[in-house]
Amino acid sequence: MAKASSTPRTRTPQTPPGTPGAQLRMGRFLLLFGISLAVLFGLLLAPFTQPAVTRFTTGLVVVSAALIRLFGGHAMAVGDLLQNPVTSFAIQMAYGCNGAHVTILLWAAVLAFPAPWMQKAKGLAAGTAAIHLVNLLRFISLFYVGQYSRAWFDFAHLYLWESLMMLDTLVIFWTWAYFVRKSGSIANAIAR
C-alpha cells in the first residue's frame, strides 16, 4: 500500500503557449540567446583567445592519439594533425572541428534559459563534457573512416557528424531543461 507524502509538491505554473506571458518568456529567451551567441562568438574569435583555442585544439589531437594507442591503434599527434605513422594518413582538426561552436550554442541556450545560476553551472559543465566526449568520438571515427574510403569520409565529415553534433547539442539542452523544469527551479527563476 502506497503512503501519501505529507509535503505538498510545488508545480511549475503552466501557461498556455499562446498567452502573453508565454510569448514574453519566449521573447526574453530569444533576446538573451542572441546576445549570448554574439558575445560568446565574439570572445571565441577575438585575437587574444586564439592561443588558447589553438592549445585546446592541439590538446584534443593529443588526447585522440593517446586513446587510439590505448586501444591498440597507430596514431601520433603532430600539432593539429592526427597521423597514422604506419600509413602516413593524417587528418587535421580544423578550426570548426574542435567542438567550440556547438559548445557556444549550448552555453547561449543554457544562459538564456530561466533557471537558477547553480543549475546553469551544472548544465554548462555536464553539457560541455558531453559535447567534447562525442566530438572525440567523431574525430577518432573520421580518422579510421578516412583511411579506408575518401567518399565515406567526406559523407561522414560533411553530413553525418555535422548533423549528429547539432542533434547532440539539442538533446543535451532539452534534457537539462527538462530536469530543471521538473525540479521546479524554473518557477523560482521566473519569479525573480
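Read along the sequence, the protein chain follows the pattern α-α-β-β-β-α-α-α-α, with six helices and three strands; here helices (H or I, at least four residues) and strands (E, at least two) are DSSP runs, numbered from the N terminus. The model is a predicted one, in which local features need pLDDT of at least 70 and side-chain atom pairs count only at pLDDT 80 or more, while totals for chains, interfaces and linings use all residues. Residues are numbered from 1 along each chain as its sequence is written, and side-chain values use heavy atoms, with hydrogens and water left out.

Of the 192 residues of the protein chain, 36% count as buried, where buried means under 20% relative accessible area, exposed means over 50%, and partly exposed lies in between (1.4 Å probe, protein chains only). The accessible surface of the protein chain comes to about 11,800 Å², and 71% of that surface belongs to carbon and sulfur atoms; the areas come from the Shrake-Rupley method with a 1.4 Å probe, and for residues only the protein chains shown count as cover. Among contacts between residues at least 6 apart in sequence, 66% join residues at least 24 apart, a contact being defined by heavy atoms within 4.5 Å.

**The sheet and its loop**

The three strands form an open sheet in the order β1-β2-β3, with antiparallel pairing; two strands are taken to pair if DSSP finds at least two bridges between them. Because β1 (76-78) and β3 (90-92) stand at the edges, each with a single partner strand, one side of each is left without a neighbour in the sheet. From one strand to the next the twist averages 25°. β1 is joined to strand β2 (residues 81-83) by three bridges, and the two run antiparallel, with methionine 76 standing opposite glutamine 83 in β2. Helix α4 (residues 117-148) packs on this sheet, touching β2 and β3, and its direction makes about 145° with that of β3; the axes are lines fitted to C-alpha atoms, for helices over the stretch in contact, and the angles run from 0 to 180 degrees between N-to-C directions.

The loop between β2 and β3 contains serine 88, which has a positive phi of about 65° although it is not a glycine. Most residues other than glycine have a negative phi.

**Helix α2**

The buried residues of α2 are Val53, Thr57, Leu60, Val61, Ser64, Ala65 and Ile68. These residues cover an arc of only 130° around the axis, which puts them on the same side of α2, the arc being that of the directions from the helix axis to the C-beta atoms. On the other side of α2, Arg55 and Leu70 are exposed. Just after the helix, glycine 72 takes a positive phi of about 90°.

Threonine 128 lies in helix α4 and, at 18% relative accessibility, counts as buried. Leaving aside residues up to four places away in sequence, threonine 128 touches Thr103, Leu106, Trp107 and Gly123. Alanine 121 also lies in α4, but counts as partly exposed at 38% relative accessibility.

Tyrosine 144, another residue of helix α4, is partly exposed, with a relative accessible area of 34%. With residues up to four places away in sequence again not counted, tyrosine 144 touches Ile68 and Gly73; of these, Ile68 is among the buried residues of α2.

Valine 180 lies in helix α5 (residues 150-183) and counts as buried, at 1% relative accessibility.

The table sets out C-alpha separations for pairs that involve these residues.

| Residue pair | Separation in sequence | C-alpha to C-alpha distance |
|---|---|---|
| Tyrosine 144 and phenylalanine 89 | 55 residues | 9.6 Å |
| Valine 180 and glycine 123 | 57 residues | 9.2 Å |
| Alanine 121 and tryptophan 107 | 14 residues | 9.8 Å |
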